[in-house]
Amino acid sequence: MTPLTNGDTMRPAILVTGGAGYIGSHTVITLLEREEEYSNYDIVVVDNLSNAYNRAPNEKKPESLRVIEDLTNKNLHFYPLDIRDAEGLSRVFENHNIDCVIHFAALKAVGESVDKPLEYYQANITGTGTLLEVMRKYGVYKLIYSSSCTVYGEPERLPLDEGHPTGRTLTSPYGRSKYFCEEMMKDLCTSDKNWMVISLRYFNPVGAHISGRIGEDPSGIPNNLMPYIAQVAIGRLNELKVFGNDYKTSDGTGVRDYIHVVDLAEGHVKAIKLFQQHGFGGFHAINLGTGTGYSVLEMISAFERASGRKVPYKIVGRRSGDIAANYADVSLSHRLLGWRAIRTLDDMCKDTWRWQSANPNGFKKV
Ligand code: NAD
Ligand code: UFG
């Protein structure tokens with residue numbers, strides 16, 4: 001076990017909420033792999049396991065984190081905890097010298113949020129509020145927040161730059177919860193100049209770690225395109241339903257800015273570095289995307305090429321709440337973070353396929 005203390009001083013720690021989930025686990029492994037930069041940091045994960053697989057109730061760590069420890073040969077600290085549990089969170093801040101927080105923990109299924117708005121507002125807004133309160137109590141003011149291009153709603157212009165209005169035409173409680181959290185954090189940064197908040201607005205994260213041992217593991221039928229395609233390719237699902245081919249796009253199907261999850265994770269690592277810059281206070285929203293959009297049909301072809309499998313599909317009606325197209329203006333991320341996505345669409349598909357074909361049932365081995 002990595003020692004918690006270094007002489008008499010506690011080692012600095014990065015707290016990752018929701019770190020057992022899809023994007024969180026890829027960020028944790030990316031941090032642990034950055035030996036030269038983060039070897040002096042403890043990585044502390046809190047996750048209530050509502051969307052992360054645990055092999056058995058008595059296992060100390062969920063499967064994603066166990067695999068990460070195995071791949072990196074490093075240890076991390078894990079607390080099975082809900083972020084709304086202020087007392088539990090306080091204990092984590094007592095036990096570690098938290099320097100900054102990366103906040104992934106949230107409920108994220110757009111459709112489910114329409115049926116369960118209270119659960120989404122509770123987990124995402126109350127959860128974030130509780131975390132911010134505990135951070136303030138312990139004098140920890142650096143936060144990286146998982147936001148979404150959803151906050152832009154129906155695009156008024158493309159590509160979507162950070163100055164595009166947010167909060168208008170939002171179609172789901174999930175999207176509104178992300179928008180409200182951003183507004184809450186803006187107000188907090190105005191009220192107290194100690195705060196440094198970087199809200200990373202993700203476009204569409206896909207792909208998996210190059211090892212093929214961690215990846216996206218949706219419970220039930222996937223809502224999102226890439227895991228759905230992967231499950232059709234592996235034979236778990238019969239065919240993909242393409243939601244609409246009458247949009248004003250090149251082939252009529254929806255266009256999105258898909259970004260490799262490891263590129264996304266590296267964006268977080270770059271964001272942490274911004275905290276070290278003198279005078280970098282306040283609230284900053286930054287897009288994380290590639291700047292290029294692909295249609296659903298282009299994604300199917302790319303996946304077929306990468307996997308060598310057919311992906312049968314049929315065109316059905318539009319999915320309610322969907323927009324025709326979005327993709328990011330990525331100039332601010334280049335300028336501020338010195339970061340750009342480097343992995344190609346082929347990498348995204350190959351890495352997804354490596355994970356899916358080696359783990360047809362996700363982390364569950366049965
Ligand atoms: P995920 O469900 O795989 O990971 C979220 C993790 O948080 C899970 O392990 C879950 O168990 C945990 N969690 C949920 N509620 C919690 C709570 N109250 N307390 C403690 N832990 C809790 O989701 P993901 O795709 O990794 O998304 C991570 C973040 O990124 C979320 O905030 C999501 O809204 C945001 N985001 C995701 C996408 C996407 O397409 N995946 C796009 C934009 C933004
Ligand atoms: N699509 C299909 N069939 C499917 C699933 C999706 O045709 O079975 C299409 C959609 O209509 C859309 C595209 O594939 O045109 C992408 O859909 P996703 O559900 O994969 O992604 P979204 O852009 O709708 O939304 C996702 C997440 C949100 C997040 C947003 C931006 O679900 O949480 O990306 O990051 F906010």
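This is a predicted model: local features need pLDDT of at least 70, side-chain atom pairs count only at pLDDT 80 or more; totals for chains, interfaces and linings use all residues.
View 1. When residues up to four places away in sequence are left aside, His268 is in contact with Thr27, Ile102, Phe104, Ile144, Leu200, Tyr202 and Leu288, where contact means heavy atoms within 4.5 Å.

Residues are numbered from 1 along each chain as its sequence is written, while chains are lettered from A and ligands numbered from 1 in the order in which they are written. Local features need pLDDT of at least 70 and side-chain atom pairs count only at pLDDT 80 or more, whereas totals for chains, interfaces and linings use all residues, and side-chain values use heavy atoms, with hydrogens and water left out.

**View 2. The shell around ligand 1.** Ligand 1 is surrounded by 26 residues, with Ile23, Asp47, Asn51, Phe104 and Tyr174 the closest; a residue counts as near when one of its heavy atoms lies within 4 Å. By class, this shell has 13 nonpolar, 8 polar and 5 charged residues, where Ala, Val, Leu, Ile, Met, Phe, Trp, Tyr, Cys and Pro are nonpolar, Asp, Glu, Lys and Arg are charged, and the others, Gly among them, are polar. Helix H1 (22-33), strand E7 (142-148) and helix H7 (173-191) each supply at least two residues of the shell, and E7 gives the most, with 3 residues. An oxygen atom of ligand 1 lies 2.6 Å from an N or O atom in the side chain of Tyr174, and a backbone N or O atom of Tyr22 is 2.8 Å from an oxygen atom of the ligand. Of the 810 Å² of accessible area that ligand 1 has on its own, the protein covers 94% (Shrake-Rupley method, 1.4 Å probe; for residues, only the protein chains shown count as cover).

**View 3. The shell around ligand 2.** The residues that surround ligand 2 number 23, and the closest are Ser148, Thr150, Phe203, Arg256 and Asp322. Helix H8 (225-234) and strand E10 (240-243) each supply at least two residues of this shell, with the largest share, 4 residues, coming from E10. An oxygen atom of ligand 2 is 2.7 Å from an N or O atom in the side chain of Asn224, and a backbone N or O atom of Phe243 lies 2.9 Å from an oxygen atom of the ligand. The protein covers 90% of the 690 Å² of accessible area that ligand 2 has on its own.

**View 4. Arg11 between two strands.** Arg11 sits in the loop between strand E2 (9-10) and strand E3 (12-17), and its relative accessible area of 10% makes it buried. The side chains of Arg11 and Asp42 are joined by a polar contact of 3.0 Å (a pair of N or O atoms within 3.5 Å; within protein, one must be able to donate a hydrogen and the other to accept it, and residues adjacent in sequence count only if both atoms are side-chain atoms). The side chain of Arg11 also reaches the backbone oxygen of Tyr41 at 3.2 Å.

How values were computed
Buried means under 20% relative accessible area, exposed over 50%, partly exposed in between (1.4 Å probe, protein chains only).
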